[in-house]
Amino acid sequence: MKPLLTTTQINKMLGFNLSVEFIENELGIKPELKSKTTVYWSAKDFTYLCYQMSQYVFGVREDYMYSKCEEEK
């Protein structure tokens, strides 16, 4: 069986909370397994999740910077 991480474990490692919906819909990472109460992610996907988070944050930053430039015009 592949090493798995729960959403709670991921959140503890990051130091802040991500929802299952955010990981799936915004970061584009699909869970390895779902039970009635827990979602499991492949441990090998953790580094990709971190990469996707950084890209998401940079995108938000760019959008903010662009909107500020537009306001100044």
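The legends below accompany close-up views of one predicted model.

Local features in this predicted model need pLDDT of at least 70, side-chain atom pairs count only at pLDDT 80 or more, and totals for chains, interfaces and linings use all residues. Residues are numbered from 1 along each chain as its sequence is written, and side-chain values use heavy atoms, with hydrogens and water left out.

View 1. Helices (H or I, at least four residues) and strands (E, at least two) are DSSP runs, numbered from the N terminus. Read from the N terminus, the elements follow the order β-α-α-β-β-α. The radius of gyration, taken over C-alpha atoms, is 15 Å, well over the 11 Å that the globule rule gives for 73 residues, so the protein chain is more spread out than a compact globule; that rule is 2.2 Å times the number of residues to the power 0.38. Along the principal axes, the C-alpha atoms fill a box of roughly 55 × 20 × 20 Å.

**View 2. The surface of the protein chain, with its charges.** The accessible surface comes to about 5500 Å², and 56% of it belongs to carbon and sulfur atoms; these areas come from the Shrake-Rupley method with a 1.4 Å probe, and for residues only the protein chains shown count as cover. Of the 73 residues, 29% count as buried, where buried means under 20% relative accessible area, exposed over 50%, and partly exposed in between (1.4 Å probe, protein chains only). The mean positions of the 9 positive and 10 negative charges are 9 Å apart. In this count Lys and Arg are positive and Asp and Glu negative, while His and the chain ends are not counted; each charge is placed at NZ of Lys, CZ of Arg, CG of Asp or CD of Glu.

**View 3. The open sheet has 3 strands in the order 1-3-2, with antiparallel pairing.** Strand 1 and strand 2 stand at the edges, each with a single partner strand, so one side of each is left without a neighbour in the sheet. Two strands pair if DSSP finds at least two bridges between them. Strand 1 (residues 4-6) runs antiparallel to strand 3 (residues 39-42) and is joined to it by 3 bridges, and Leu4 has Ser42 as its bridge partner in strand 3.

**View 4. Thr6 in strand 1.** Thr6 counts as buried, at 16% relative accessibility. Leaving aside residues up to four places away in sequence, Thr6 touches Thr38, Val39, Tyr40 and Trp41, a contact meaning heavy atoms within 4.5 Å. Across the protein chain, residues 24 or more positions apart account for 57% of the contacts with a separation of 6 or more.

**View 5. A hairpin of 4 residues joins strand 2 to strand 3.** Strand 2 (residues 33-34) pairs with strand 3 in the antiparallel sense over 2 bridges: Leu33 has Tyr40 as its bridge partner, and Lys34 has Val39. In the loop between these strands lies Thr37, which counts as exposed at 75% relative accessibility. The C-alpha atoms of Thr37 and Asn17, which are 20 residues apart along the chain, are separated by 17 Å.

**View 6. Val57 in helix 3 (residues 46-72).** Val57 is partly exposed, with a relative accessible area of 46%. From C-alpha to C-alpha, Val57 and Glu72 are 23 Å apart in space, and in sequence they are 15 residues apart.
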